[in-house]
Amino acid sequence: MSRKMLIDGDLDNLSGENDYDFDLFVIGAGSGGVRASRFSAQYGAKVGICELPFHPVSSETIGGVGGTCVIRGCVPKKILVYGASFGPEIQDAKEYGWKVNDNIDFDWKKLLHKKTEEIVRLNGIYKRLLSNAGVKLFEGEGRIVGPNEVEVIQLDGTKLSYSAKHILIATGSRAQRPNIPGQELAITSDEALSLEELPKRVVILGGGYIAVEFASIWRGMGSTVNLIFRKELPLRGFDDEMRALVARNLEGRGIILHPQTNITQLVKTEDGIKVTTDHGEELMADVVLFATGRVPNTKRLNLQSVGVEVDKTGAVKVDELSRTNVPSIWAIGDVTNRMNLTPVALMEGTLFAKTVFGNEPSKPDYSNIPCAVFCIPPLSVVGLSEEQAIEKGEGDILIFTSTFNPMKNSISGRQEKTLMKLIVSAETDKVIGASMCGPDAAEIMQGIAVAMKCGATKAQFDSTVGIHPSSAEEFVTMRSVTRRIAASGKPKTNL
């Protein structure tokens, strides 16, 4: 093994020592790793970062600067959601006077090509961001070989060793497959974003974000979609009232739901993949998608030999400042399995740099973090669900809801309700939860999140003048309490 010493001048590290190649070495150049690297460099730190070579479909040996979100997650998925939305929109346009040919063709390969062009462009932007910040990028697999030493295995197998005062693990997570006979016939979200042909028949196993989003995508493009999940409703952990509406909307768009169901076997046949469920149903599919969760990317990091503690899922254990039990090693993002959202990894990366190199210890604040599920139409939430508010048991809560047919649907004739909901503390009048299922939910909820972060009360919502005509104005015109739940109330079953 060669030892590569980088001496690019006389840049002191923050303790006044010059014994390390880098002040910080980051393993993983996804959203969190890139943010932490750039911001640390802005504080004057000498930073190195490594990432696997680029490819749209990840594995243990390929990845790409930008990480899951940019290359095979949020960004390409949202592009496909946009693409899938046009089909129903074109049909709705007929009632608005547009003369539309009934024979509308969709070119999957063209959309995939444009999607790939975009993620390649973003991959280049992320590389330039690192370069412009003065961060040294290494292409290869990183592993930790000591409390202050990392090893980078390059594409040709060459191993280089670098020392660093601080090491940051930001390797994210990877899709997992359930142990089902014939599992090798199924794909994960990685492959789903790069299929050569649009499948005509799809079976999806899972009830979370990825499952309902891909169900909406493929159905919007004309595929027959069967969605299989174990609970009574999809999106476990979200507000039950919202989950019920999402389920109705999915069915309203033609997705076939199989609640309280699991897959027992996949078999390859001449007609496609035969899917057998635990209810004895047999479904035929061109593609079977397993959307059954993700696991932290820690298997190949050599953490055990260095003494870094992980939990039973393989997630790196960290304290409130994102530090592991080894003082020189830190971790952020999905690899810690705290709150697995890209903006959260960005927050953690920012605060890591502030803590370590800005001399200002800063703990991430996980309260009132908004998120969205980009099914069609989307769901977006911030704060507590009704069930969580009841479970918390901090006094009576007031529930305000508004269910309506969006104005756009009144002309198109689409029967698809929008639901908005506010959860308010009866004692303090503070809005402690908000959710919406309907068009533009994510765009609207971002503004609601700012208000809640500032501690807005229901009276302040009520005193705000709405924008008319808009769906968003419903959040400031809900005057009547839908129901009041006493502090002793029991949470509804999380279906």
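Residues are numbered from 1 along each chain as its sequence is written, and side-chain values use heavy atoms, with hydrogens and water left out. Because the model is predicted, local features need pLDDT of at least 70 and side-chain atom pairs count only at pLDDT 80 or more, whereas totals for chains, interfaces and linings use all residues.

Two helices may be taken up before the rest. Helices (H or I, at least four residues) and strands (E, at least two) are DSSP runs, numbered from the N terminus. Helix H4 comprises residues 108-132, 25 residues in all, and reaches 36 Å from its first C-alpha to its last, close to the 36 Å expected; the expected span is 1.5 Å times one less than the number of residues. Among the buried residues of H4 are Trp108, Leu111, Lys115, Asn123 and Tyr126, where buried means under 20% relative accessible area, exposed means over 50%, and partly exposed lies in between (1.4 Å probe, protein chains only). At the start of H4, a side-chain oxygen of Asp107 comes to within 3.2 Å of the backbone nitrogen of Lys109. Just after H4, Gly134 adopts a positive phi of about 85°.

Helix H7 covers residues 240-252, and its end C-alpha atoms are 18 Å apart, in agreement with the 18 Å that its 13 residues should span. Its buried residues include Asp240, Met242, Arg243 and Leu250. The N-terminal end of H7 is capped by Asp239, a side-chain oxygen of which lies 2.9 Å from the backbone nitrogen of Glu241. Gly254 follows H7 with a positive phi near 100°.

Helix packing is illustrated by H1 (residues 31-42) and H9 (residues 342-356), whose axes come within 8 Å and cross at roughly 25°. Axes are lines fitted to C-alpha atoms, for helices over the stretch in contact, and angles run from 0 to 180 degrees between N-to-C directions. H1 and H9 are therefore roughly parallel to each other, a description that applies to angles under 35 degrees.

In strand E5 (residues 141-146) stands Glu141, which is buried at a relative accessible area of 14%. The side chains of Glu141 and Arg300 are joined by a polar contact of 2.7 Å. A polar contact is a pair of N or O atoms within 3.5 Å; within protein, one must be able to donate a hydrogen and the other to accept it, and residues adjacent in sequence count only if both atoms are side-chain atoms.

Several loops hold backbone features of note. Most residues other than glycine have a negative phi, and most peptide bonds are trans. Asn368 has a positive phi near 50° and lies in the loop between H9 and E18. The peptide bond from Ile376 to Pro377 is cis, with omega near -5°, as is that from His468 to Pro469, with omega near -5°.

The cysteines remain. A search of the whole structure finds 0 disulfides, a disulfide being a pair of cysteine sulfur atoms within 2.5 Å. For Cys50, the nearest cysteine sulfur, that of Cys69, is 20 Å away. Cys50 is buried, with a relative accessible area of 1%, whereas Cys454 is exposed at 68%. The sulfur of Cys454 is 19 Å from the closest cysteine sulfur, in Cys371, which is too far for a bond.

How values were computed: Parallel < 35°, antiparallel > 145°, perpendicular 65-115°, else oblique.
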